[in-house]
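Here are my notes on this model, point by point. Please keep the structure open while reading.

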Amino acid sequence: MSISTANGIMEQLTCDSTTEDSRIPHSMQKSRSDNHWRALRGELYYASTPEMVRLRKRCSEACRRYNSATDALTRRQMVKMWRDIVQDPRPLPAELASQDIDDVQFEDDPWVEAPIHIDYGTNLELGAGVFINFNCTVIDTCHVSIGARTLVGPNVSLYSGTHPIDPRLRNGTKGPELGREIHIGEDCWVGGNVVILPGVTIGDGSTVGAGSVVTKDVPPLVVAAGNPARILRRIDRLSESPEIVDMDGDVERDSGPMLRASLEDETPPT
Ligand SMILES: CC(C)(COP(=O)(O)OP(=O)(O)OC[C@H]1O[C@@H](n2cnc3c(N)ncnc32)[C@H](O)[C@@H]1OP(=O)(O)O)[C@@H](O)C(=O)NCCC(=O)NCCS
């Protein structure tokens, strides 16, 4: 395929089958153009090629189905529609007789409130038990990951895509663009209306305050907030073994894998 670059030069895009992504099934990788691989690698690429437009259209149709689902749908049906958005090929477990018991099979699947808006879906990876509140926007030009048990507030925007600053190179919709990966760790809390910019990594256990614009990496176990987000304070001490009352009213004493690991790493106070 040939496309015009910002300088009007016709560029030949060829299929580069030598570059592989371990997250993507081999059968899907073969069909990717070099332009698409460049996008995933964070290099300049063209977003308006028929291939890229087709990929976004597939995802926007899957999101539209998800966003127009009614409350009458079961957890199983919602999980199936979510896996369609992110193209998760795992088969669903066999359906169990009672819906309540069937729901338990999906308790580790991410819980995503509609509406959600995602560019490609295939570049978004959510860990077990992630919760995303409504009206989240994910520009997943590059890989965007959210670690297990992380909570994302309403109206959060994760922008892994960006454009050249040079207006002649940017050239509106005809110019090339690029992206950088976003990684949010495990056990984080991202407050409402947060914007996370390309290339940002947020460390395990950190909180980002409402309305923040996160322009730089946030280390593990801090509270950061503001525009641009700055560290407000560090989380120096974790509850050693908090008493947690579960939904059945049973009292547990389990601080979870992240907290346990952090406590083991903690240096004793001087
Ligand atoms: C960040 C947050 C968790 C509070 O953290 P905290 O450590 O208890 O912070 P405090 O309230 O003690 O505030 C400390 C300072 O940070 C400032 N601050 C707190 N949250 C802030 C935010 N989101 N943006 C900018 N500054 C903020 C406070 O004004 C205060 O400033 P000061 O020292 O100059 O007075 C909370 O403010 C927040 O943003 N929560 C998110 C709520 C939300 O999004 N809910 C939606 C459902 S998920």
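1. Terms and basis. Two strands are said to pair if DSSP finds at least two bridges between them. Helices (H or I, at least four residues) and strands (E, at least two) are DSSP runs, numbered from the N terminus. The model is predicted: local features need pLDDT of at least 70, side-chain atom pairs count only at pLDDT 80 or more, and totals for chains, interfaces and linings use all residues. Residues are numbered from 1 along each chain as its sequence is written.

2. Seven-stranded sheet. An open, mixed sheet runs in the order S3-S6-S9-S14-S17-S19-S20. Its edges are strand S3 (111–112) and strand S20 (230–234), each pairing on one side only. Inside it, S6 (residues 131–132) and S9 (residues 151–152) are parallel, with two bridges. Phe-131 has Leu-151 of S9 as its bridge partner.

3. S17 (residues 207–208) runs parallel to S19, joined by two bridges. Thr-207 sits opposite Val-223 of S19. S19 and S20 are antiparallel, with four bridges. Val-222 is partnered by Arg-234 in S20. Four residues separate the two strands of this hairpin, and Gly-226 there has a positive phi near 105 degrees.

4. Faces of S19. In a regular strand the side chains alternate between the two faces of the sheet. In S19, Val-222 and Ala-224 form the covered face, while Val-223 and Ala-225 form the uncovered one.

5. S8 (residues 144–146) and S13 (residues 182–184) run parallel through three bridges. Ile-146 has Ile-184 of S13 as its bridge partner.

6. Cys-63. This residue lies in helix H3 (residues 50–67). Why is Cys-63 classed as buried? Because 22 other C-beta atoms lie within 10 Å; buried takes 20 or more, exposed 12 or fewer, partly exposed lies in between, and C-beta atoms are placed from the backbone. Beyond its neighbours within four places in sequence, Cys-63 contacts Ile-85, Ile-116, His-117 and Ile-118 (C-beta atoms, placed from the backbone, within 7 Å). Cys-63 and Asp-84 are 21 residues apart in sequence, and their C-alpha atoms are 8.9 Å apart.

7. Cores. A nonpolar core is a set of buried Ala, Val, Leu, Ile, Met, Phe, Trp, Tyr and Cys residues joined through C-beta atoms within 7 Å. The largest has 40 residues, and Ile-118, Leu-158 and Val-208 have the most contacts inside it. A second, separate core has eight residues, including Ala-39, Ala-47, Cys-142 and Leu-178.

8. Whole chain. The chain has seven helices and 22 strands. Of its 270 residues, 28% count as buried.

Notes:
Contact = placed C-beta atoms within 7 Å.
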